[in-house]
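I opened the model to look up a few things.

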Amino acid sequence: MTQRIEDYALIGDLQTAALVGMNGSIDWLCLPRFDSAACFAALLGDEDNGHWRIAPTGAGDCTRRGYVGDSLVLESVWETRTGTVKILDFMPQRDIAPDIVRIVEGVSGSVEMAATLRLRFDYGSVVPWMRRSDGHRVAVAGPDSVWLRSEPHVKTWGQHYSTCSSFTVEAGEQVAFVLTWHPSHKPRPALVDPNESLAQCLEDWEVWSARCRYEGPHRAAVMRSLITLKALTYGPTGGIVAAPTTSLPEELGGVRNWDYRYCWLRDSTLVLGALLSVGYLEEAAAWRDWLLRAVAGDPADLQIMYGLAGERRLAETELPWLGGYANSAPVRTGNEAVEQLQLDVYGEVIDSFHVARTAGLSGEPHAWSLQLSLLGFLESKWREPDEGLWEVRGPRQHFVHSKVMAWVAADRAVKTLEADPSLGGDVARWRAMRDEVHREVCEKGFDPVRNTFTQSYGSTELDAATLLIPRFGFLPPDDPRVIGTVDAVQRELARDGFVRRYSTTGPAVDGLPGDEGTFLVCSFWLADALHMTGRKEEARELFERLLALRNDVGLLSEEYDPVARRQLGNYPQAFSHIGLVVTALTLAGEDGAGAVGTAG
């Protein structure tokens with residue numbers, strides 16, 4: 001691929017999303033849902049695996065681009081020798097069928113344009129049958145059907161199993177393309193008007209963005225991150241995917257390539273807190289309700305992630321016909337980590353419900369009994385080793401973060417019952433559990449010689465997740481053990497000032513070969529911890545450096561390589577954008593901007 005990960009922008013319709021390169025090519029799109037098979041998969045292979053490019057003939061990357069206001073409508077501009085042209089790319093919020101609309105507008109002079117549509121269903125492996133019908137190009141293969149039309153009509157022809165066209169736009173002229181997907185056994189959906197859809201799309205985003213209450217520093221960055229989180233929300237259920245992509249590598253050419261098109265419980269507390277803090281109560285309630293449905297059932301069956309509607313079977317498989325982004329193979333769909341035991345998720349779920357209740361979200365009658373059931377299971381399980389927050393594929397260990405989150409679960413139950421004894425529950429029982437977990441973590445998970453909490457009991461390795469200890473209230477920020485942990489993580493896990501999750505150069509804790517970049521959300525956690533421990537200027541400086549890592553349209557991936565100066569990992573990453581919002585709120589709280597942190 002000639003495009004770096006950060007060369008892509010995001011468009012979407014709250015049910016799926018596409019990545020648009022600076023060269024005008026859509027190289028990733030799954031239809032009809034985030035987790036469906038991709039019909040454009042050039043991102044993870046090459047052009048033969050599917051893409052749709054519209055750009056001036058012979059041109060490379062656009063001259064400039066950006067989103068139109070606080071929306072998800074992308075405007076890309078090319079300044080050429082003969083004139084200037086812009087393309088507006090967006091996906092209207094759907095009624096029934098998903099549409100991609102691409103409007104080409106002449107700005108000045110005269111510009112010859114070239115378009116190539118190469119559809120490849122089932123992750124770039126299936127070439128569809130193409131035909132013409134009522135002025136459309138129609139592609140069909142198995143369950144998938146796609147209709148392409150242009151307004152005004154543009155002549156197209158087939159070439160190398162692609163649909164090609166060439167046309168010229170003068171200043172003030174417009175050519176719009178609409179691509180619509182539907183199940184092949186159903187009739188074609190009603191046509192959408194490109195310009196009416198554009199106006200409606202901009203209005204929808206304007207109304208949504210106006211609900212944001214945050215008026216503190218870096219509002220534009222916060223707003224773009226919130227829009228990105230909204231774009232990663234599966235509208236029908238309220239679930240938020242970790243990213244709209246699979247298998248973008250954590251190391252170029254490496255094997256650390258995973259499918260992130262699912263909903264992780266680890267994100268739940270910070271997502272809820274961020275949404276509630278800035279005024280998005282409906283989205284927070286939808287995420288809380290998704291969480292309640294997803295985790296319902298036997299507490300022993302609690303998973304670390306679920307599908308968009310709470311699906312549990314997310315079997316991992318490899319796609320050998322795709323070479324991987326920058327030859328980073330294998331390409332995977334599904335995620336084997338769904339089978340792991342991660343005890344921290346019990347604390348994250350219970351803390352999420354506590355945050356929602358404290359914020360005044362109306363609760364479901366059965367929510368408290370579900371939480372007591374989860375806590376009862378955790379009470380009998382927290383002493384066991386697990387795979388931990390980072391989903392290691394090595395042996396289970398007694399991860400400190402997992403134990404801290406067990407403490408969080410018990411602590412939130414105590415606080416809930418103290419605030420409302422009528423709910424029912426044995427507060428003394430959970431208080432005893434809370435105290436026991438706290439004693440054990442401080443005894444077995446702390447290295448007194450280096451004055452730092454460690455990654456796991458008996459280990460000398462560090463873990464960036466221990467930076468969350470003061471945020472979750474396990475210890476106060478001025479505790480010497482917290483201060484020592486912040487110093488140790490900054491000293492031993494930082495690369496060029498940005499933080500890795502853990503060391504990959506020592507014992508293979510995660511059971512995987514190779515390395516990975518610095519983990520962006522961990523760097524936001526460091527900024528939070530620096531601020532909480534009184535090092536506020538350092539926190540602001542780090543936050544400013546993190547903001548500078550965003551691409552030209554404000555997006556962040558999962559990781560960053562400070563040597564190659566490139567973004568790595570699935571993109572855009574919800575966890576990174578949550579980190580940005582939470583850190584902005586944390587810093588702004590000191591500035592009297594009315595924002596608050598998200599600690600339960």
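I looked up Y560 and found it opposite Q567 in β28. This is a predicted model, with pLDDT of at least 70 needed for local features and 80 or more for side-chain atom pairs, while totals for chains, interfaces and linings use all residues. Residues are numbered from 1 along each chain as its sequence is written, and side-chain values use heavy atoms, without hydrogens and water.

I traced the pairing next. Strand β27 (residues 559-561) runs antiparallel to β28 over 3 bridges; strands pair if DSSP finds at least two bridges between them. Strands (E, at least two residues) and helices (H or I, at least four) are DSSP runs, numbered from the N terminus. The open sheet has 3 strands in the order β26-β27-β28, paired antiparallel. β26 (518-519) and β28 (566-568) are the edges, each with a single partner strand, so one side of each has no neighbour in the sheet.

I then checked α5 (residues 281-295) against α6 (residues 344-358). Their axes come within 11 Å and cross at roughly 145°. Axes are lines fitted to C-alpha atoms over the stretch in contact, with angles from 0 to 180 degrees between N-to-C directions. R288, L291, L292 and V295 of α5 meet V349, S352, F353 and A356 of α6; contact means heavy atoms within 4.5 Å.

Last, I searched for cavities, sets of points on a 1 Å grid over the protein atoms alone where a 1.4 Å probe fits but cannot get out. The largest is lined by 16 residues, a lining residue having an atom within 4 Å of a point. E250, W258, W390, E391 and R501 lie nearest its centre.

Technical notes: On a 1 Å grid over the protein atoms alone, a cavity is a set of points where a 1.4 Å probe fits but cannot get out, and a pocket is an open set with protein on both sides within 12 Å along at least five of seven lines; lining residues have an atom within 4 Å of a point.
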